[in-house]
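Trainee: I would like to learn how to read strands and helices in a model. Could we go through it together, one feature after another?

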Amino acid sequence: MGTHGNRIYGSFGENGRRTSKRSKGSSSLNLRSTLLFVVLGLTGFGLCMGYGMRLSHRDGIVVQVDHETVAGTSSSSSSSSSSLLGGDTVLTVEAPVQSCVGLTFHDGMHSGKQVCRTQECAGVVYVRYVDVSTFACSSDPSLLQNPCDISKCPNVGQPPPLAPPPLPGRGGPSSSGSPLLYPKVPLSLLVPLNKSTPLPVVPETPTRNHLKPNTQSTILGGGEPQKAGFTAVKRASTFAENKKLWGPKGQKLMESQAWPTHAFWENLILGQGMDTDSAITVLPYIVQATQEGLVIAYPSVASSASQSMNAFDLDAEGIRFEALTKTYRSIVGYSELGVDIAWSFNDGHPDNSEQEIVSSTSLVQGDPYVTMNIGAQAGFRLSSEQTMILVSRGDNKKGTEPQACDPNAKKRISTVTGSVFDVYLSQSDHTYRLYTFPGTTITCPYPKDVNHTKTTLTANGFEGTVRLALHNNCTTGLGKHCFLPSGLPSPMPTSPEFQNYLDAQSHVQLKGGHVSWAASSSSPSMEVSLQYEYTQIQPSKTTSPPPMILLLPHQVSAGALDHGERIPGSHRSMIGPQIPIVGSEIRMTLPMPDNIWGDQRPLKDIKVVQEGLDHDKDYDLMYQWKKGVGDPYNAGKLNARIGRLALIANQLNETEVTESFLDKLEEYQGLWLSGKSPNPLVYDEDMGGVVSCGCNFDSCEGKCTPHCANGGKDQTKNCPTLGPGAFSAGFDFGNGYYNDHHFHYGYHLYATAVLARFRPKFIEKYKQAISLLVRDVANPNAGDKHFPMFRHMDFYIGHSWAGGVYRSFANGRNQESTSEAVNCWYAIALLGDATGDKALYEVGMTLLAMEVHGAQTYWQNINGTSHYDPVFADNGVTGILWSNLAQFQTWFGLFTWAVNGIQMLPFTPISEYLIQPAWVKQQIKGFTKACSESAPCKSDGWSPLVCMALAMIDQDQALKCTRALPKSSFSDQTAEGNGNSLTNTLHFIMSRP
């Protein structure tokens with residue numbers, strides 16, 4: 001929210017940088033099978049993989065585990081399946097064993113280590129194995145009789161906090177103090193032997209009625225920015241450095257298009273563009289695009305009471321995926337769902353943009369594969385700081401050992417041939433499936449230095465398509481994904497069905513996608529469809545199977561599972577599980593609100609609202625705001641305040657008061673739309689957008705008329721918002737760097753919608769300028785060269801991004817105030833309704849429905865329904881959500897009242913559609929208490945938000961709360977009170993159903 005600090009300066013987001021530390025806490029497992037001896041590493045593998053293991057040998061220890069129970073399919077207990085997924089491996093022993101004394105953990109290398117903890121339940125001590133550098137636990141077999149059912153124990157899902165140790169090879173414990181070089185992993189963990197499972201038959205995509213958006217809008221079809229009277233300006237010279245990050249081919253692309261400032265892949269063209277801080281989140285992966293190729297990591301989830309995050313370390317854990325020749329990176333295309341990157345022989349100069357492409361990729365949201373297309377017989381390599389074991393998958397019908405690049409093997413081989421491989425990363429415990437089209441031979445050199453784990457796999461002369469897909473994040477049961485608190489999704493359950501679908505769909509490649517929308521003909525709702533574009537790497541003569549795509553929680557709850565074939569298993573992230581389906585679209589049905597103007601419902605007590613209007617009827621702005629000497633964010637809030645007063649006065653049949661407010665609003669809003677404000681709105685020719693020029697405010701310490709002292713008569717010749725560095729990036733809350741445009745302009749558009757309802761001539765006069773503001777934040781036309789398409793909305797993620805283009809953050813994109821985003825889309829819908837512009841109305845309603853659904857899923861964390869780790873979800877609310885981090889805080893502080901309030905303001909009739917009563921009921925006690933104990937909450941105008949929130953569940957108490965507030969709570973000189981009024985507060989309370 002722009003009024004409370006420059007979110008671009010936020011250091012708060014950086015306390016959750018990529019890390020290899022694991023999340024605290026653990027969950028319990030119920031091993032109800034009969035154990036002769038338990039090798040916990042292998043048992044953990046069985047639990048996470050979903051495989052039952054009959055008999056294995058390792059270091060002379062015999063392991064036998066009941067197949068069906070470990071696989072989680074025992075018919076004796078339906079609850080055991082869920083308890084078998086994830087968490088610590090638990091060994092149950094009867095009392096008298098009361099501690100770890102006498103229990104020795106070993107793996108043949110670390111004998112004598114005693115790293116365990118115990119928890120007693122019903123007379124049984126549960127010994128939790130937590131040392132990832134060890135594999136086995138031995139004890140007196142007599143102590144392993146009659147294990148207790150741990151699922152019946154109280155509080156078993158909330159054991160004492162435990163921070164698992166570091167990864168082996170990255171500072172983990174060992175007997176010698178040196179990193180563990182080659183963890184011994186049986187090949188059977190990577191490739192089940194003597195088993196050939198046929199690939200599933202995937203049906204063709206059924207023919208569906210594609211949604212056809214209505215784009216016949218008189219406002220959305222606006223023309224040139226100069227026709228609106230907005231001066232065209234250029235950015236600072238440093239912009240040229242940012243433009244270079246597009247690469248030589250990308251710079252050609254951008255000559256005819258506006259810059260997409262809030263795309264999920266924005267980090268590629270910010271900051272350095274290619275360092276680890278410039279990585280992008282392409283769920284389920286984190287991807288860095290360098291000059292040579294890609295670096296891929298699969299994040300773990302780490303949480304605390306203050307934050308939950310996708311934790312990753314690209315340097316230590318990533319797989320480098322690149323061609324075998326020196327290249328130069330370019331952004332060569334993008335869609336609403338993906339970005340296309342190419343690497344050429346080019347030296348980086350734009351004049352050489354036609355050089356031959358060596359490799360390319362399409363990074364698409366919801367794609368379980370990462371794909372590289374290799375040309376010019378350039379070959380490819382996979383490398384990692386971790387030890388990689390490569391196994392070629394064959395049919396193994398005769399039970400022969402598969403070919404493997406395995407540093408543990410007694411007889412090492414130098415090459416492996418095939419078209420499908422398993423790539424196991426020892427330290428992170430991940431297994432990827434590698435597909436090559438066509439098949440190839442991979443060279444696997446081994447490091448000579450025994451203390452060096454880095455591995456490089458090379459395919460010389462290869463030309464074709466290479467694909468990577470994670471199919472197990474918990475291969476042996478020892479990785480950090482296997483140590484997570486109760487309540488999180490389980491480690492990726494790579495059932496045979498999931499692996500088989502990965503194989504079956506491996507030749508269907510996602511290329512991107514587009515978004516369509518339409519009002520439902522059968523219910524008051526909007527239908528939104530993400531339609532994927534895909535191609536077959538090896539076309540089939542008989543079928544055209546659809547791709548595999550991953551659904552997020554908000555998509556599942558909006559009915560997306562009805563439009564694809566559900567596949568067993570899931571990926572996971574901090575915001576919840578990602579459910580795989582086979583299908584070509586993600587279609588969601590999202591409810592639409594009614595009573596959008598707020599005057600169609602009778603007031604409970606008109607006299608109460610009249611009291612407020614009697615207090616506010618003569619309200620007017622301070623001099624500098626009347627004259628446009630200020631920032632567009634606060635100016636918009638003040639104008640929207642007047643617009644709200646005009647609507648309420650009209651509902652009360654106060655015609656004279658209504659007209660007075662409309663006269664003022666027409667003058668003040670007209671000044672901003674004319675482009676002649678002292679802080680004028682201008683058109684940024686370099687990036688394509690409407691930005692404020694900025695105002696160096698000066699009142700001569702009260703001795704002269706407030707004015708903008710930018711220098712010279714033409715303020716646009718020296719726009720402080722467009723200069724280089726943090727000073728300019730902080731001006732007008734980052735408006736010049738595209739921070740929070742939907743927050744800022746949403747208030748202006750609300751004020752404009754009110755004028756459109758009562759004074760249509762105003763709309764005719766400023767039609768071109770209104771078009772620019774709408775298109776800046778919500779342009780639905782891909783062919784509009786002046787503005788990017790849907791600047792803020794991320795249709796796959798399900799909500800907007802607010803952070804602009806000042807710099808890249810390792811945590812990615814971010815948004816704080818969902819309610820202010822909702823306010824913008826609401827204003828656009830109102831404007832469409834007031835002008836009879838159906839296309840504009842549906843654009844506003846589509847964005848409104850998406851934002852509300854996203855906010856209710858990822859910000860309003862109602863107990864029992866949140867997809868976050870419970871230790872974070874217990875806060876009940878998310879303050880700032882990044883691509884890789886959810887925080888309980890705001891950009892202007894850690895206050896509980898601020899974190900709650902920022903997700904509610906401004907209160908308008910649409911608030912009842914956004915704010916769930918169950919959420920208010922959960923949060924109101926803490927919100928009220930925090931505000932009552934905070935002087936800034938009361939003095940800065942936040943306390944009325946408490947009363948209005950209370951009205952969602954108790955109208956009488958809300959009125960009592962409001963009457964107890966001082967009138968200063970509604971002062972337009974306060975940070976929050978300036979956008980609200982006593983009249984609006986009382987109207988919201990009295991209009992509750």
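Mentor: In β32, leucine 530 has isoleucine 586 as its bridge partner. Please keep in mind that this is a predicted model, in which local features need pLDDT of at least 70 and side-chain atom pairs count only at pLDDT 80 or more, while totals for chains, interfaces and linings use all residues. Residues are numbered from 1 along each chain as its sequence is written, and side-chain values use heavy atoms, with hydrogens and water left out.

Trainee: In what order do the strands β26, β27 and β32 lie in their sheet?

Mentor: Strands are DSSP runs of E with at least two residues, helices are runs of H or I with at least four, and both are numbered from the N terminus. Two strands pair if DSSP finds at least two bridges between them. Here 3 strands form an open sheet in the order β26-β27-β32, with antiparallel pairing. The edge strands, β26 (508-519) and β32 (585-591), each pair on one side only, and the twist from one strand to the next averages 15°. Between β27 (residues 525-536) and β32, the antiparallel pairing extends over 7 bridges.

Trainee: How many residues lie between β22 and β23 in their hairpin?

Mentor: There are 4 residues between β22 and β23, and in that turn aspartate 429 has a positive phi of about 70°. Strand β23 (residues 430-443) runs antiparallel to β22 and is joined to β22 by 10 bridges, with valine 416 standing opposite isoleucine 442 in β23. Strand β20 (residues 388-392) is also antiparallel to β22, through 5 bridges, and there serine 392 stands opposite phenylalanine 421 in β22. As for cover, 8 of the 11 residues of β22 (residues 415-425) are buried, where buried means under 20% relative accessible area, exposed over 50% and partly exposed in between, with a 1.4 Å probe and protein chains only.

Trainee: How are two packed helices described?

Mentor: Two packed helices are described by the angle between their axes and by the distance between the axes. Axes are lines fitted to C-alpha atoms, for helices over the stretch in contact, and angles run from 0 to 180 degrees between N-to-C directions. Helix α17 (residues 818-835) and helix α18 (residues 838-858) pack at about 160°, with their axes 7 Å apart. That makes α17 roughly antiparallel to α18, since angles over 145 degrees count as roughly antiparallel, under 35 as roughly parallel, 65 to 115 as roughly perpendicular and the rest as oblique. Contact means heavy atoms within 4.5 Å, and the residues that make this contact include Trp825 and Tyr826 of α17 as well as Leu847 and Leu848 of α18.

Trainee: At roughly what angle do α12 and α14 cross?

Mentor: The axes of α12 (residues 655-674) and α14 (residues 741-758) cross at roughly 130° and come within 10 Å, and α12 and α14 are therefore oblique to each other. Among the residues that meet are Leu662 and Trp672 in α12, and His748 and Phe758 in α14.

Trainee: Is valine 946 buried or exposed?

Mentor: Valine 946, which is found in helix α24 (residues 943-950), counts as buried because its relative accessibility is 5%. Leaving aside neighbours within four places in sequence, valine 946 is in contact with Ile924, Phe927, Thr928 and Cys931. Phenylalanine 927 is 19 residues from valine 946 in sequence and 6.9 Å away in space, C-alpha to C-alpha.
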